[in-house]
Amino acid sequence: MADKSDKEQLLVSFKKFSVHGDAKASGKELNGKNWAKLCKDCKIIDGKNVSATDVDIVFSKVKQKTSRVITYEEFQRALRDLALKRFSDQCLEEAVQSIFRLVEEGEPTNVGVTKATKTAAVDRLTDTSRYTGSHKERFDESGRGRGRHGREEIVENTGYVGAYKNAGTYETKMKGEK
């Protein structure tokens with residue numbers, strides 16, 4: 001059987017994959033999507049011996065009937081079920097150790113993440129210092145957006161016309177005349 005450090009590394013890998021892509025996840029349960037991702041990223045799915053269908057079947061076999069997630073113990077059972085299928089030339093214990101090693105070395109990857117392009121045309125179009133007209137009013141001097149104040153005309157119920165320069169001077173004028 002695996003020693004303590006191997007079990008701890010396996011638990012760490014389990015937690016990494018269980019929280020991947022879900023901010024609310026506790027790290028104690030692994031859903032079907034993340035189980036399939038773990039098997040793909042850790043190269044358990046090899047295309048010959050183990051397919052994505054095999055992974056889904058093993059997941060539904062080890063989980064509770066009404067549950068949609070598996071615990072760490074069920075996760076270990078699922079890996080044992082896949083071990084002989086993936087490493088058919090090895091005995092059960094060697095196959096389990098090999099599959100545990102694959103999972104311990106694996107990390108969740110972000111494949112297909114869109115990267116920002118950096119070309120002259122994009123730089124020219126997104127440079128806020130070159131904006132003119134009404135678009136110029138939407139950004140401050142540093143280039144940060146002003147939010148709602150830059151998009152909408154916010155009505156001030158002061159009783160004065162919008163661009164009146166002497167707004168707020170009526171009362172001082174009236175006191176001076178008395």
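User: Which handedness does the crossing of H2 and H4 have?

Analyst: This is a predicted model, where local features need pLDDT of at least 70, side-chain atom pairs count only at pLDDT 80 or more, and totals for chains, interfaces and linings use all residues. Residues are numbered from 1 along each chain as its sequence is written, and side-chain values use heavy atoms, with hydrogens and water left out. Helices (DSSP runs of H or I, at least four residues) are numbered from the N terminus. A crossing is left-handed if the near helix is turned anticlockwise from the far one by less than a right angle, and right-handed if clockwise; where H2 passes H4, the crossing is right-handed.

User: Are H2 and H4 parallel or oblique?

Analyst: Axes are lines fitted to C-alpha atoms, for helices over the stretch in contact, and angles run from 0 to 180 degrees between N-to-C directions. The H2 and H4 axes come within 13 Å and cross at roughly 45°. Angles under 35 degrees count as roughly parallel, over 145 as roughly antiparallel, 65 to 115 as roughly perpendicular and the rest as oblique. So H2 is, relative to H4, oblique.

User: How many residues of the contact of H2 with H4 are nonpolar?

Analyst: Contact means heavy atoms within 4.5 Å. From H2, Trp35, Leu38 and Cys39 meet Phe75, Ala78, Leu79 and Leu82 of H4. Ala, Val, Leu, Ile, Met, Phe, Trp, Tyr, Cys and Pro count as nonpolar, Asp, Glu, Lys and Arg as charged, and the others, Gly among them, as polar. The H2 contact with H4 has no polar and no charged residues, and its nonpolar residues number seven.

User: How many charged residues are in the contact of H3 with H4?

Analyst: H3 brings Asp54, Val55, Val58, Lys61 and Val62 against Glu74, Arg77, Ala78, Asp81, Leu82 and Lys85 of H4. Five residues of this contact are nonpolar and no residue is polar; the charged ones number six.

User: What is the arrangement of H4 and H5?

Analyst: Two packed helices are described by the angle between their axes and the distance between the axes. H4 and H5 pack at about 115°, with axes 8 Å apart. Therefore the two helices are, to each other, roughly perpendicular.

User: How many residues in the contact of H4 with H5 are charged?

Analyst: H4 passes H5 in a right-handed crossing. The H4 side is Phe75, Leu79, Arg80, Leu82, Ala83, Leu84 and Arg86, and the H5 side is Leu92, Ala95, Val96, Ile99, Phe100, Leu102 and Val103. In this contact 12 residues are nonpolar and none is polar, while the charged count is two.

User: Is Ile44 buried or exposed?

Analyst: Ile44 is found in the loop between H2 and H3. Leaving aside neighbours within four places in sequence, Ile44 has contacts that include Leu38, Leu79, Leu82 and Ile99. Buried means under 20% relative accessible area, exposed over 50%, partly exposed in between (1.4 Å probe, protein chains only). At 0% relative accessibility, Ile44 counts as buried.

User: What is the phi of Lys43?

Analyst: Lys43 has its place in the loop between H2 and H3. Lys43 is exposed, with a relative accessible area of 56%. Although Lys43 is not a glycine, its phi is positive, about 65°.

User: What separates the C-alpha atoms of Ala36 and Ala52?

Analyst: Ala36 is found in H2 and counts as partly exposed at 25% relative accessibility. Not counting residues up to four places away in sequence, Ala36 touches Ile45, Val55 and Asp56. Ala36 and Ala52 are 16 residues apart along the chain, and their C-alpha separation is 7.1 Å.
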